[in-house]
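Hi there,

Here is the structure I promised to pass on to you. Have a look at it first, and then read my notes below.

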Amino acid sequence: TPARALVRPVAITSGQRPPPIVAPSIEYVRGDASDSASLRRVLCDVTKLYLAMGNGPQQREIELLVVQEAKRAGVEHIVKLSAPIVGPTVPVAIARMHFEVEQAIEVSGMDYTHLRPFAFMQNLFSLLPTIHKFGLFFGRCGDAPLNFVDARDIAAVAMHALTKPGSEGRAYQLTGPDAMSYRDVANRISALGRPVTYVDQSPEKFRAGLERAKHPAWLVHTF
C-alpha cells in the first residue's frame, strides 16, 4: 500500500551527512505538523492516517489541527497513538490531552482506532546515564507494577489497524507480557552482572531532580 510521511526539515551543517531514508518505499513530505499548508500537502488523497506524535508543549493544539485538516482532506480513518488510561479527570495532564484529541476524532465522523499503550520499553534506555555512573536510577512509582510494551509491537498493531478491517470504532490497551515494578527492573538489570538499585522518590523530589537536570518546564509539570 502506498504510504506518505510528514517529516520535519533537518538542518545539516557543513561536513555532516543527511540522515538516511528509513524506508525508500515511503514518500517523504517535508513540513511542519503545526502548519496547515504542510498538512494539506501530506494529506492530499490520503484515506488512512496514523497520528503518532512525541510529547511537546503544543501537542494538543497540533494534534487537533491534524484532525481538523484530515477531516477537510477527506481522510476516512485515523489510527491514533494515545495514552493507556484517558479521561477528563485523569490526574496525568498528558492523558487528559489525549482524551480531548480522541474525542475530537470521534465526533468528526471519521472512523477511528485508538491505541493506548502502557510504558514504552525503549524508554528504559533513558535510565542508563545514572545506572552507568552511579549504579542506580530514580523514580516515583514505589512498588507499583508497571507494564512495558515494545514500541515495535505497537507499530505492528498500528499497521494491522491501518491495513486490515475490523478495528474501526475501537480502542485497544496495549501491554507487554509482564507487569514489573521498577525494583523488578533493577533486579533484572542486576542479573546481567552489575548491581543496580532503584531509588524511589516523592513527587516533589523527583520533580526537583528533573528541574536540576534542566528539563523544560512543560515536561516537568506534564507528568
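The second largest pocket has a volume of about 1500 Å³. A pocket here is an open set of points on a 1 Å grid over the protein atoms alone, where a 1.4 Å probe fits and protein lies on both sides within 12 Å along at least five of seven lines; the volume is the space filled by probe spheres set on those points, joined across faces, edges and corners.

This is a predicted model, where local features need pLDDT of at least 70 and side-chain atom pairs pLDDT 80 or more, while totals for chains, interfaces and linings use all residues. Residues are numbered from 1 along each chain, and side-chain values use heavy atoms, without hydrogens and water.

In all, 41 residues line the pocket, meaning that they have an atom within 4 Å of a point. Arg4, Ala5, Leu6, Leu49 and Tyr50 lie nearest its centre. Among the elements that each supply at least two lining residues are β1 (3-7), α1 (36-43) and α5 (151-163). Helices (H or I, at least four residues) and strands (E, at least two) are DSSP runs, numbered from the N terminus.

Now look at α1. Ser38, Leu39, Val42 and Leu43 are buried there, with under 20% relative accessible area (1.4 Å probe, protein chains only). They sit on the same side of α1 because they cover an arc of only 120° around the axis, taken from the directions from the helix axis to the C-beta atoms. These buried residues pack against β1, β2, β3 and α2, with heavy atoms within 4.5 Å. Asp45, which follows α1, has a positive phi near 65°.

Enjoy exploring!

Methods:
Buried means under 20% relative accessible area, exposed over 50%, partly exposed in between (1.4 Å probe, protein chains only).
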